[in-house]
Amino acid sequence: MKTYLLCLPLILTAACEVQKTPVPTGGSRSDASVDMSYEVLPLEKPLVDWASAESSATKRCNAWGYSKADPFEGVRTQCQAADLYGNCNRATVTKTYQCTG
């Protein structure tokens, strides 16, 4: 019984991991930037495929005449919906890529 109780938090935590692939949500050809975003719900632990995001950003940059996309440091998180207590129920996480070359 002790082993079960010790493993229960690990099982519950693993069940909350969700694969996320950021998609283009904005940017500017004139600024040579591409925003890649994904959505997070409560209790989710996102496993983000940043390699795929960079590939998609590079394709968009290629269409604008640039050769590659370099990510800026960090991400922006914006709450889209909060409950009555101020807890975020849905957030959008965005990383911006700079088109170069």
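A charge is said to sit over a ring if NZ of Lys or CZ of Arg is within 6 Å of the ring centre and within 35 degrees of the ring normal. The model is predicted, so local features need pLDDT of at least 70 and side-chain atom pairs count only at pLDDT 80 or more, while totals for chains, interfaces and linings use all residues. Residues are numbered from 1 along each chain as its sequence is written, and side-chain values use heavy atoms, with hydrogens and water left out.

The charged end of lysine 95 lies over the ring of tryptophan 50, 5.3 Å from its centre. Tryptophan 50 also takes part in an aromatic pair. Rings of Phe, Tyr and Trp (its six-membered ring) pair if their centres lie within 6.5 Å; planes under 30 degrees apart are stacked, over 60 edge-to-face, and the rest tilted. The count is one aromatic pair. The ring centres of tyrosine 38 and tryptophan 50 are 5.9 Å apart and the planes stand at 70 degrees, so the pair is edge-to-face. Tyrosine 38 belongs to strand β3 (residues 33-40) and tryptophan 50 to helix α2 (residues 50-63), twelve residues apart.

The largest nonpolar core has nine residues: Ala32, Val34, Met36, Ala53, Ala57, Cys61, Ala69, Tyr97 and Cys99. Such a core is a set of buried (under 20% relative accessible area, 1.4 Å probe, protein chains only) Ala, Val, Leu, Ile, Met, Phe, Trp, Tyr and Cys residues joined through side-chain atoms within 4.5 Å. Helix α2 gives the most to this core, with three residues.

Definitions and conventions: Helix = DSSP H or I, 4+ residues; strand = E, 2+ residues; numbered from the N terminus. Buried < 20%, exposed > 50% of the residue type's maximum accessible area, 1.4 Å probe, protein only.
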